[in-house]
Amino acid sequence: MRGLAQVPPGHLHWSLPPSEQTEVSCGGCTECCRSGQGLFLHPEQGDDVESYQVQVAADPAGGSPVFLLATKENGHCVYLGASGCTIYHRRPLLCRSFDCRKHYLILPRQDRDNLVKLGLSSRAVFNAGRSRVKTLSAAEKKDCLDKREEFFS
Ligand code: SF4
Ligand code: SF4
């Protein structure tokens, strides 16, 4: 069994689809930017860590440090402005590709709860994903459920 304890937060790979551009219709939602969830950078996939304000965290797997976008005291990303992302054209990979629908569908309930407790995701993001699951195609839903089986059964 492969559970969260064996998946370092910097490598929540189901959150990073092959496409670099998410197809989620956010419709003005900014929960990802406001929820304090782990906004991990992925330098191994092209994120230029030095170009962002970051927080450094220890990788629980004992490897290299991991980098997160810095947040304000209220947990909001430092780049979130009144009208949305202030660095939209250079936002990092996670922001370009995160799909809350797949994040919700792939994770079993207990693991969603654990991620919320660990501060690596938020209930609001899962709720946003759940409310948008119906916009996934049948093939995308099947792919998510296959991944759930692969990672969590
Ligand atoms: S929670 Fe979903 S809908 Fe909201 S900003 Fe994030 S990806 Fe977009
Ligand atoms: S960089 Fe922009 S899109 Fe990414 S979390 Fe911050 S405000 Fe949101």
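## Ligand shells and nonpolar core

The shell around ligand 2 divides into 10 nonpolar residues, no polar residues and one charged residue. In this predicted model, the residues around ligand 2 are Cys-32, Cys-33, Leu-39, Leu-69, Cys-77, Tyr-79, Leu-80, Cys-85, Ile-87, Arg-91 and Cys-95.

Ligand 1 has a shell made up of Val-24, Cys-26, Cys-29, Thr-30, Glu-31, Cys-32, Phe-98, Cys-100, Val-125, Ala-128 and Gly-129. Two elements, α1 (31-34) and α5 (123-132), each give two or more residues to the shell around ligand 1. The most come from α5, which gives three residues.

The composition of each shell by class is set out below.

| Shell | Nonpolar | Polar | Charged |
|---|---|---|---|
| Ligand 1 | eight residues | two residues | one residue |

In soluble globular proteins, nonpolar side chains tend to be buried together. The largest nonpolar core here has 25 residues, and those touching the most other members are Leu-39, Phe-40, Leu-41, Leu-68, Leu-69 and Cys-100. Two or more residues of this core come from each of α1, β2 (66-69), α2 (93-97), α3 (100-106) and α5. Leu-39 and Leu-69 also belong to the residues around ligand 2, while Cys-100 is one of those surrounding ligand 1.

Across the protein chain there are six helices and four strands, and the elements run α-β-β-β-β-α-α-α-α-α from the N terminus on. Of the 153 residues in the protein chain, 27% are buried. Among contacts between residues at least 6 apart in sequence, 74% join residues at least 24 apart.

Notes: Residues numbered from 1 in each chain as written. Chains lettered and ligands numbered in written order. Predicted model: local features only at pLDDT ≥ 70, side-chain atom pairs only at ≥ 80, totals over all residues. Near = placed C-beta within 6 Å. Nonpolar A, V, L, I, M, F, W, Y, C, P; charged D, E, K, R; others polar. Core = buried A, V, L, I, M, F, W, Y, C linked by C-beta atoms within 7 Å. Buried ≥ 20, exposed ≤ 12 C-beta atoms within 10 Å, placed from the backbone. Contact = placed C-beta atoms within 7 Å.
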